[in-house]
Amino acid sequence: MVSRLLECGDQRAARIVAALPTDGDGVLDPLAVDRLMISVHTELQRLREELRIDDRLVHVLGPLFAAIRATAGHGGPFRLVDIGSGLGYLVRRLAATRALGPDVELVGVDLDAALVGEAGRLARAEGLACGFVHGNAFDLPEAATVYVSTGVLHHFRGPALADFFRAQAASSALAFCHFDIAATRLAPIGAWVFHRARMRHPLGRHDGVASALRAHSDHTLLSAAEVPGIRPLLYEPRGMANPFCTTLRPVLGIRPHLEEPLRRALGRASRRLVGPEQLAGTAR
């Protein structure tokens, strides 16, 4: 792994990995890695609380589920699936506040077994009605109504980003809503300041800045999300938001019949919701 990071030119990451515990063959200690991942994600949870990311997500998801209820023809239940849920802070917070209503089932999915195990332990300790699954979010036995994520999109590069959206369009899901870092000139600086101040381990500090540098532009997200059967929309694109306050913003993909009900449910805030045809009038 160290050699691979050096080949990619990321010497900082190579030094961080080289300092992690290994066995006699140079293989990373899996227990140490699990402990580190849980520690870093715990600090990330504190950052999310300070930036009120989950409140902002509810601001969009509430009207989205209102639009789904208005057009579904049945009373639910509906299912929200959080892709890359980590320690499950979003799912646990939604379960604790019941912000989306009792007819929305909450499931977190992550490829990291240690994070899923810790998320489940925390949910049980808090007595919350939500579940966590280790695996691929698109292989669940029960279909999602809405897929969500926070801070996942910048991990997808090139064709993989459109493939990610196509997988959701090919499912029976009615919508997706993915928050990711807004690609502004201030984003790397802001990420450095926040992560330097709030993260203790070098891994968390380095990953925060690297993620900001990898953030996709508004145009890239909308282009990738423009797949058959999906109406791509961006909420608060760069040109409509204060760059000093912009951190994360969501790209949405909805079945076309949901657009008008969603705009009605958003009310005046629907002015912040733009499609590809309107993005040309905003800064890219």
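This report looks at a strand, a pocket and an arginine in a predicted model.

## Strand 7, covered on both sides

Start with strand 7, residues 248–254. Its 7 residues are buried, 7 of 7, so the strand is largely enclosed by the rest of the structure.

Which strands pair with strand 7? Strand 5 (residues 175–181) runs antiparallel to strand 7, with 7 bridges between them, and Phe-176 sits opposite Gly-253. Strand 6 (residues 231–235) is also antiparallel to strand 7, joined by 4 bridges. There, Leu-234 has Val-251 as its bridge partner.

## The second largest pocket

The second largest pocket holds about 220 Å³ of space. Its lining includes Leu-94, Arg-98, Pro-102, Glu-105 and Leu-128. Helix 5 (89–97) and strand 2 (104–110) are the elements that each give two or more residues to that lining, and strand 2 has the largest share, with 3 residues.

What is the lining's make-up by residue type? Count 8 nonpolar residues, 2 polar and 2 charged.

## Arg-271, out in a loop

Arg-271 belongs to the loop between helix 11 (259–266) and strand 8 (273–274). Buried or exposed? Arg-271 has a relative accessible area of 58%, so it counts as exposed, the cut-off being over 50%.

Gly-151 lies 120 residues from Arg-271 along the chain, and their C-alpha atoms are 24 Å apart.

How values were computed. Residues numbered from 1 in each chain as written. Predicted model: local features only at pLDDT ≥ 70, side-chain atom pairs only at ≥ 80, totals over all residues. Heavy atoms only, no water. Buried < 20%, exposed > 50% of the residue type's maximum accessible area, 1.4 Å probe, protein only. 1 Å grid on protein atoms, 1.4 Å probe; cavity = no way out; pocket = protein on both sides within 12 Å on 5 of 7 lines; lining within 4 Å. Points joined across faces, edges and corners; volume = space filled by probe spheres on them. Nonpolar A, V, L, I, M, F, W, Y, C, P; charged D, E, K, R; others polar. Pairing = 2+ DSSP bridges.
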